[in-house]
Amino acid sequence: MTTRRSGLSGQPMAIIALCMLGVLVLLAVLAPVLWGEAAVKANPDAIALPPSAEHLLGTDKLGRDILLRTLVASRLSLVMAVAATLMGLCAGLLLGAVPAVLGARAQRWFAGVINTWLAFPVLLVAMLTVVLLGTGATTAVIALALTMTPSFARLAQTLSSRVGGSEYLAAARMLGVSRRRQFTRYVLPNIAEPVIVNVTSSIGGGLLALSSLSFLGVGVQPPDFDWGRLLSEGFGQVYNSPVAAIGPGVAVVFAGLAFSMLGESLAGQLRNRENRKAPAPRRLGPAPVAAGQAETHQQGPAPLLEVDGLSVSFPGPDGWIRPVQDVSFSIHPGEIVGVVGESGSGKSVTMMSVAQLAPAGAAVTARRLRFDGDDLTGLTQAEAGKLLGTRVGVVFQDSLTALNPALRVGTQLAEVPRVHLDAGRKQAQAQAVRALDDVRIPEAGRRAQQFPHEFSGGMRQRALIAMAQIGSPSLIIADEPTTALDVTVQRRVLALLRDKCAESGAAAIVVSHDVAVLAELCGRILVMYAGRVVEDVDIALLPTPERLAHPYTRALVASLPDLDTDRGEPLVTIPGEPPDLSQPIAGCAFAARCAFATSRCETETPVLALHRHGGRVACWHPQDDTAGHEEGGA
């Protein structure tokens with residue numbers, strides 16, 4: 001059975017292009033050494049000779065061999081094209097990609113610069129450069145670089161915008177990774193491939209553009225010569241000796257085709273990457289042993305995290321949208337707390353705002369936001385990264401996007417000890433391997449050298465837990481840590497998270513829309529609806545729904561099927577839809593879907609208050625056995 005070749009070696013066009021480029025490189029290196037002197041030495045006895053066995057393309061007006069001059073011109077022509085393209089690329093990356101690590105305001109400002117630059121005609125920019133700097137090879141290179149810059153900038157802007165909103169870059173900011181390192185290790189590697197494809201094709205176009213400038217007399221000036229200059233000189237002999245223009249013309253076409261074909265081959269390789277041979281099945285580690293439940297929040301002497309009146313707003317077309325409104329809760333050391341609610345209830349936005357990772361453009365306010373005695377309100381991004389870098393660990397929802405696809409897993413884990421603990425490269429790498437081993441990833445040393453796509457879903461999730469734990473944080477925030485995992489792997493991940501918290505004494509906040517997931521892990525849950533906490537209840541009450549106070553919490557638990565559910569009956573659902581948070585909500589947000597709502601519910605917003613079941617509830621008509629609750633503050 002034959003194995004299908006992958007990569008450029010399996011593409012005939014790529015092989016041809018590489019061979020053509022090899023010829024060009026050899027000529028650029030060897031031709032000036034072998035024939036440089038003969039190409040510039042005038043010969044009065046051989047002026048304007050036609051093609052012959054001695055001079056295959058004839059001679060010019062000074063008796064110089066046109067073929068030798070064409071071969072020697074390869075170096076200057078290629079160097080100028082490559083130099084102009086690289087200059088345009090560097091300027092374009094600075095304009096288009098650097099703003100991804102500078103923030104929304106910088107992105108808007110640089111986008112305006114790019115749009116304005118693109119509005120100028122290319123020829124006008126080139127001619128203006130020539131007028132200001134004068135004719136010559138250097139001017140031609142600068143002019144071409146200026147015309148290429150906005151195109152590279154727009155490409156880099158488009159590609160880096162996806163990286164700028166990624167979870168792994170947000171995690172890097174929280175860890176306090178410098179902006180320079182964010183740019184070089186997180187942004188550039190993830191936009192490199194399409195940029196390289198574009199650069200390769202642009203060199204071919206640059207050759208043609210530079211040859212055109214030299215042909216028009218504003219590029220390379222005598223005594224120097226490139227292919228465009230030779231074309232201009234040969235054009236003067238076109239009626240007497242047409243072959244004089246053939247050599248440099250063929251050279252320009254040959255080089256342009258070589259770079260264009262290589263660019264097309266690289267682009268095809270990127271498009272076909274999805275069809276490559278699937279990797280071998282990955283082995284999962286042994287299931288961790290379940291640990292005892294962390295102590296409940298009432299036993300903690302003082303809160304680790306205090307949140308009072310947290311609200312998050314985003315600008316919308318018709319005013320501010322508030323997906324999180326007046327949220328208050330506390331987390332004690334060693335406690336594992338779940339946050340549950342339907343999609344759009346504000347769970348993830350709330351917890352990311354607590355971790356100082358709110359999305360760009362968000363306005364976050366709070367009456368009180370303290371972590372381990374430190375006030376978190378009003379912190380800059382750099383201050384938040386320094387304060388929380390190792391004290392708060394975050395396990396993001398999508399493990400494949402949360403890990404940087406361009407960096408090895410071990411390198412990403414080593415960021416924390418390198419940035420915050422001033423560890424050397426080898427020491428940080430050793431800590432990363434230990435962290436992977438601690439989360440039951442087999443062959444941790446080998447796995448640390450692999451990329452995220454080489455990990456299975458469960459292993460990537462465990463790698464995220466290792467990354468969150470490597471700095472020995474006091475609090476772990478896990479945002480949907482079991483998304484897209486099968487039941488077996490899900491249980492392993494949950495047990496591992498519980499074990500690691502029990503071993504280190506760290507508290508944890510676990511966000512999920514699945515009550516069953518939280519029931520296996522947490523000591524209590526916060527139920528969120530329409531951006532508010534509507535009930536704070538001990539997890540022990542879930543098996544007895546009649547003791548739950550808020551109708552929404554009861555409905556969530558009732559909609560969870562179990563082994564006793566009658567398969568002949570339709571599954572229980574919550575009628576209606578969540579409210580539109582872009583519109584003001586009067587009264588209780590759940591009133592339109594609640595069977596117990598009264599006129600008071602439609603006009604007055606219930607206060608989150610202490611309740612007799614030991615937690616808190618925001619409802620005017622709690623539906624537990626001990627009806628009524630004490631009015632009180634959060």
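This is a predicted model: local features need pLDDT of at least 70, side-chain atom pairs count only at pLDDT 80 or more; totals for chains, interfaces and linings use all residues.

Trainee: What does UniProt list for residues 12-35?
Mentor: The unreviewed UniProt entry lists residues 12-35 as a "transmembrane region", along with residues 78-102.

Trainee: And how much helix is there over residues 78-102?
Mentor: That stretch is 76% helix with 0% strand, and its end C-alpha atoms are 35 Å apart.

Trainee: New topic. How many residues does the largest nonpolar core have?
Mentor: It has 161 residues. Those with the most contacts inside it are Leu 305, Phe 329, Leu 413, Leu 436, Leu 475 and Ile 509. The largest share, eleven residues, comes from helix α7, residues 179-215.

Trainee: Which residues does Leu 413 touch?
Mentor: Leaving out residues up to four places away in sequence, Leu 413 touches Ala 432, Ala 435, Leu 436, Ala 463, Ala 466, Met 467 and Ile 470. There's also another core lying apart from the largest one, with five residues, including Leu 95 and Ala 106.

Trainee: How many disulfides are there?
Mentor: The count comes to zero. Take Cys 501: the nearest cysteine sulfur belongs to Cys 522, and that is 9.6 Å away.

Trainee: Are Cys 501 and Cys 522 buried or exposed?
Mentor: Cys 501 is buried, with a relative accessible area of 4%. Cys 522 is buried too, at 2%.

Trainee: What about holes inside? How many cavities of 30 Å³ or more does the structure hold?
Mentor: Four. The largest cavity has a volume of about 120 Å³. It is lined by 16 residues, and the closest to its centre are Met 174, Leu 175, Val 394, Met 467 and Ala 468.

Trainee: Which elements each supply at least two residues of that lining?
Mentor: α6 (167-174), β7 (392-395) and α17 (457-469). You've already met Met 467, by the way, as one of the residues that Leu 413 touches.

Trainee: Let's stay with α6. How many of its residues are buried?
Mentor: Seven of its eight, so by the under-20% cut-off for relative accessible area α6 is mostly covered. The buried ones are Tyr 168, Leu 169, Ala 170, Ala 171, Ala 172, Arg 173 and Met 174.

Trainee: What do those buried residues pack against?
Mentor: They pack against α5 (137-164), α7, α11 (381-388), β7 and α12 (399-402). After α6 comes Gly 176, whose phi is positive, near 85°.

Trainee: Last one: where is Pro 481?
Mentor: Pro 481 is found in the loop between β8 (475-479) and α18 (487-504). It is buried, with a relative accessible area of 3%.

Trainee: Which residues does Pro 481 touch?
Mentor: Not counting residues up to four places away in sequence, Pro 481 touches Val 395, Gln 461, Val 493, Val 510 and Val 511. For a sense of distance, the C-alpha atoms of Pro 481 and Gly 263 are separated by 40 Å, and these two residues are 218 residues apart along the chain.

Definitions and conventions: Residues are numbered from 1 along each chain as its sequence is written. Side-chain values use heavy atoms; hydrogens and water are left out. UniProt positions are given in the numbering used here, feature names are shortened, and annotations may be inferred rather than shown by experiment. Helices (H or I, at least four residues) and strands (E, at least two) are DSSP runs, numbered from the N terminus. A nonpolar core is a set of buried Ala, Val, Leu, Ile, Met, Phe, Trp, Tyr and Cys residues joined through side-chain atoms within 4.5 Å. Buried means under 20% relative accessible area, exposed over 50%, partly exposed in between (1.4 Å probe, protein chains only). Contact means heavy atoms within 4.5 Å. A disulfide is a pair of cysteine sulfur atoms within 2.5 Å. On a 1 Å grid over the protein atoms alone, a cavity is a set of points where a 1.4 Å probe fits but cannot get out, and a pocket is an open set with protein on both sides within 12 Å along at least five of seven lines; lining residues have an atom within 4 Å of a point. Grid points are joined across faces, edges and corners, and a volume is the space filled by probe spheres set on the points.
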